[in-house]
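Hi,

Here is the structure I promised to pass on. Please look it over first; my notes follow below.

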Amino acid sequence: MNRVVLADSRIRAEILAVEDARREALLSVDLDTLDALYDESLIHIHAPGVMHTKAQLLEHVATRQAYLDMTRSDLVVRIIGEVAVMTGRIVNRLRTADGGERMLGGAVTQVLSRGEDGRWRFLSFQMTPDGEQAWGSLPSERGQQKATITDQGGNS
């Protein structure tokens, strides 16, 4: 059984570089780069719960051209064999259907695998938008959550 470990600095840098390339490709509507970064089996779950395959996501990016800016933070990269699981915050500045803009923030889980060619590709993406915190923080989370993420190598 493979053990879950935090990515070492080399692997973390590789994963963050792939994420940076994804970000830049979304902002510039670079479909060739996105095609290379996304595995054929990709499932992308947008914040409202819409699920796209790789082909549908590429069509979405080309048609909507919605991404105006994207900020990532508190990224934690864990490794399980040849699979990386990255979690953290995202804030997207998006173009709306009526030509306006909106901001959408939340938590994201991304799964990547290293192919036989040694390149990391995205298998899965899911964003959970920020919502009402009906229960508030747990006692163990108050003032410690940020420090815990940073201690795990989560600085962005």
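A definition before the findings: a pocket here is an open set of grid points where a 1.4 Å probe fits, with protein on both sides within 12 Å along at least five of seven lines. Keep in mind that this is a predicted model.

The largest pocket has a volume of about 510 Å³. Its lining counts 26 residues, and the closest to the pocket centre are His46, His60, Ala66, Tyr67 and Leu94. By class, 13 lining residues are nonpolar, eight are polar and five are charged.

Which element gives the largest share of the lining? Helix 3 does, with five residues. This helix covers residues 54-64. At least two lining residues each come from helix 1 (9-28), helix 3, strand 4 (67-80), strand 5 (83-95), strand 6 (101-114) and strand 7.

The strands

Strand 7 also pairs with strand 2. Strand 2 spans residues 38-45 and strand 7 spans residues 120-129. The two run parallel, joined by four bridges. Tyr38 has Phe122 in strand 7 as its bridge partner.

Ile45 is bridged to Met51 of strand 3. Together strand 2 and strand 3 make a hairpin, with five residues between them. Gly49 sits in that turn and has a positive phi of about 95°.

Best wishes

Note on methods: Residues numbered from 1 in each chain as written. Predicted model: local features only at pLDDT ≥ 70, side-chain atom pairs only at ≥ 80, totals over all residues. Heavy atoms only, no water. Pairing = 2+ DSSP bridges. 1 Å grid on protein atoms, 1.4 Å probe; cavity = no way out; pocket = protein on both sides within 12 Å on 5 of 7 lines; lining within 4 Å. Points joined across faces, edges and corners; volume = space filled by probe spheres on them. Nonpolar A, V, L, I, M, F, W, Y, C, P; charged D, E, K, R; others polar.
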